[in-house]
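Colleague: I have a structure to get to know and have not looked at it before. Can you walk me through it?

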Amino acid sequence: MSESRVVGLVTAPNRWRQLLFGIICMSMIANLQYGWTLFVNPINLQHGWSPAAIQVAFTVFVFTETWLVPIEGWFVDRYGPRLVVMVGGALVAAAWVVDSFASSLFVLYAGAAIAGVGTGAVYGTCVGNALKWFPDRRGLAAGATAAGFGAGAALTVIPIAETIERFSYHVAFLAFGLGQGLVIILLSWFLRAPAKGAVAPPNIQRRKVTQTRIDYVPVQVLRQPMFWLMYLIFVLVASGGLIAAAQIGPIAGDYGIAEVPLSVAGLVLPALTLAISLDRIFDGFGRPFFGWVSDTIGRENTMCIAFGVAGVSLMLLTQLGHNPWLFVLLTALFFSVFGEIYSLFPATCGDTFGSKYATTNAGMLYTAKGIASALVPLASLAMAAYSWSAVFAIAAAFNLVAALLALFVLKPLRARFLQGSSGHGSDRIPLVVHSSSVGAAATGRDLFRGRTQAHTGSSSLEATDWLRSGSTAAAMSGSPSLMASEPSRSTPPEGRQPAVMRDRAEEPKGRPTGGR
């Protein structure tokens with residue numbers, strides 16, 4: 001096969017290849033979060049810094065990785081994924097290079113900040129790109145991408161540990177940092193956002209989840225009460241999971257089972273080691289699995305099932321966790337349904353607010369992880385005042401409340417919101433405006449302004465951002481008017497007439513305004 005043929009196969013924007021490239025990039029950033037624990041003790045032995053002071057670097061990493069994703073997502077939506085992932089890969093490499101030479105806590109914290117920015121850039125871009133390429137399988141695509149981050153460290157944890165033991169942590173930081181960054185930079189050249197019309201929207205008859213036909217800009221999304229309801233549910237579920245992930249070692253130690261040997265297929269492992277290994281496997285598997293389930297039975301129904309199972313498993317852990325086998329099995333069950341938040345919420349956000357700004361909008365929702373991580377230290381306070389049973393009870397209550405909110409509040413609220421913008425509710429989307437208005441509308445393009453005004457005679461036409469974001473249909477031949485349609489439609493449905501935009505006072509009350 002010729003070299004040009006090989007290059008063509010790799011660079012062609014096939015959506016499954018785009019998904020694969022995104023998953024590999026995600027696996028390359030997994031060590032920055034899940035592999036960090038391997039370096040804490042060696043750094044402590046080398047420099048004498050306290051573990052608490054060293055772990056501040058991890059807090060800095062989580063903060064910058066989480067809270068900057070919306071800004072990085074804005075760059076993706078504006079300039080495409082290639083540039084942002086390329087910069088992210090360079091920062092990922094630079095971060096561990098800095099850590100390898102860090103001789104003070106300040107330099108270590110600086111490396112953590114660089115790592116957080118790079119990780120967030122890659123994470124937000126790959127998840128957002130998956131949402132855009134797979135409008136018909138958003139749950140599966142987001143879950144598979146997130147699984148790369150959740151389980152990607154499994155292949156490199158042992159090599160990193162061996163490198164630290166045989167050489168030093170400096171060499172591990174330097175070698176793996178450069179290697180991971182280089183892989184991300186190389187793959188960034190092949191990442192593409194789907195061109196307009198490259199991905200057809202799911203057929204209404206085949207669609208199993210309701211989706212909007214309008215692309216809402218970030219400022220419109222922030223004005224929607226439904227967004228903040230999803231944000232609250234995310235915080236409730238993520239806080240319980242992060243508490244369990246951060247405290248599983250101390251919990252097993254306090255229960256007196258951490259070092260209890262357990263035999264699996266002839267392999268004997270301490271209970272805690274076995275639990276952590278299974279947790280990583282089940283966490284990674286659960287993300288695409290529940291994403292696929294949500295594509296089939298609906299987002300909120302899947303949320304209710306997963307959150308309910310998580311709550312029950314935590315309640316059982318309070319009663320049965322002193323048994324090493326039950327501790328291992330119940331923690332594995334919990335983590336199998338915890339990781340799905342990283343597939344369900346991006347998919348739900350894309351279904352609700354559209355594909356064009358999916359990276360930015362999903363990034364704003366992802367900041368809920370930052371809020372949840374701030375609640376993790378409270379678990380230690382609760383344990384000191386009460387017990388681990390109290391911590392588990394609180395986390396279980398969070399999950400059960402989230403399950404009820406998803407099914408009985410979010411589901412009907414989202415259904416009403418989507419009635420005016422989905423194929424199931426209203427097809428009153430193409431808008432007819434006078435040709436002289438289109439130029440005026442185009443000049444007001446701004447990602448974070450949710451409204452454009454165009455004047456025709458004495459009337460003022462208002463249209464949401466999707467009217468001016470590249471979705472205007474071609475001019476009708478011999479007609480004095482132009483048709484501007486939603487991103488996925490260029491002609492009105494058969495048997496319906498286009499809706500004419502008039503003054504705001506004449507707008508139909510039932511039409512969603514995007515938080516206007």
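This is a predicted model: local features need pLDDT of at least 70, side-chain atom pairs count only at pLDDT 80 or more; totals for chains, interfaces and linings use all residues.

Colleague: Fine. How many helices and strands does the chain come to?

Modeller: The secondary structure comes to 20 helices and seven strands. The chain has 516 residues, and 53% of them count as buried.

Colleague: And the accessible surface, what does that come to?

Modeller: About 21,900 Å² for the chain, with 66% of that belonging to carbon and sulfur atoms.

Colleague: What share of the contacts comes from residues 24 or more positions apart?

Modeller: Such pairs account for 80% of the contacts in the chain, counting contacts with a separation of 6 or more.

Colleague: Next, the inside. Which residues have the most contacts in the largest nonpolar core?

Modeller: Ile 233 and Phe 307 do, in a core of 109 residues. Helix H12 gives the most to this core, with 18 residues. There is also a second, separate core of six residues, which includes Leu 19, Trp 133, Ala 141 and Val 199.

Colleague: What does Phe 307 touch, apart from its sequence neighbours?

Modeller: Leaving aside residues within four places in sequence, Phe 307 is in contact with Ile 233, Val 237, Glu 340, Ile 341, Phe 345, Asn 399, Ala 402 and Ala 403.

Colleague: Back to H12. Where does Met 230 sit?

Modeller: Met 230 is in H12, which covers residues 225-255. Its relative accessible area is 0%, so Met 230 is buried. Not counting residues up to four places away in sequence, Met 230 touches Phe 345, Thr 348, Phe 353, Leu 365 and Leu 410.

Colleague: How far is Met 230 from Cys 349?

Modeller: Their C-alpha atoms are separated by 8.6 Å, while along the chain the two are 119 residues apart. Cys 349 is buried as well, with a relative accessible area of 1%.

Colleague: Is Cys 126 buried or exposed?

Modeller: Buried, because its relative accessibility is 5%.

Colleague: Change of topic: helix H7. How many residues does H7 have, and how far does H7 reach?

Modeller: H7 has 29 residues and reaches 42 Å from first C-alpha to last, close to the 42 Å expected at 1.5 Å a residue. The helix covers residues 105-133.

Colleague: Why is H7 described as largely enclosed by the rest of the structure?

Modeller: Because 21 of its 29 residues are buried.

Colleague: Pick one residue in it. What about Gly 118?

Modeller: Gly 118 lies in H7 and counts as buried, because its relative accessibility is 0%. Leaving aside neighbours within four places in sequence, Gly 118 is in contact with Gly 88, Leu 91 and Val 92. Gly 118 and Met 86 are 9.3 Å apart, C-alpha to C-alpha, and 32 residues apart in sequence.

Colleague: And helix H4, what is its reach?

Modeller: H4 spans residues 51-67 and has 17 residues. From first C-alpha to last it reaches 25 Å, close to the expected 24 Å. Its buried residues include Ala 53, Ile 54, Ala 57 and Phe 61.

Colleague: Now the strands. In which sense do E1 and E2 pair?

Modeller: Antiparallel, over four bridges. Ser 263 has Val 268 in E2 as its bridge partner, and the partner of Pro 261 is Pro 270.

Colleague: What lies between those two strands?

Modeller: A loop that holds Ala 265, with E1 at 261-264 and E2 at 267-270. The hairpin has two residues between the strands.

Colleague: What is the phi of Ala 265?

Modeller: Near 50°, which is a positive value in a residue other than glycine.

Colleague: Last one: is Ala 265 buried or exposed?

Modeller: Ala 265 is exposed, since its relative accessible area is 87%.

Notes. Residues are numbered from 1 along each chain as its sequence is written. Side-chain values use heavy atoms; hydrogens and water are left out. Buried means under 20% relative accessible area, exposed over 50%, partly exposed in between (1.4 Å probe, protein chains only). Contact means heavy atoms within 4.5 Å. The expected span of a helix is 1.5 Å times one less than its number of residues. A nonpolar core is a set of buried Ala, Val, Leu, Ile, Met, Phe, Trp, Tyr and Cys residues joined through side-chain atoms within 4.5 Å. Accessible areas come from the Shrake-Rupley method with a 1.4 Å probe; for residues, only the protein chains shown count as cover. Two strands pair if DSSP finds at least two bridges between them.
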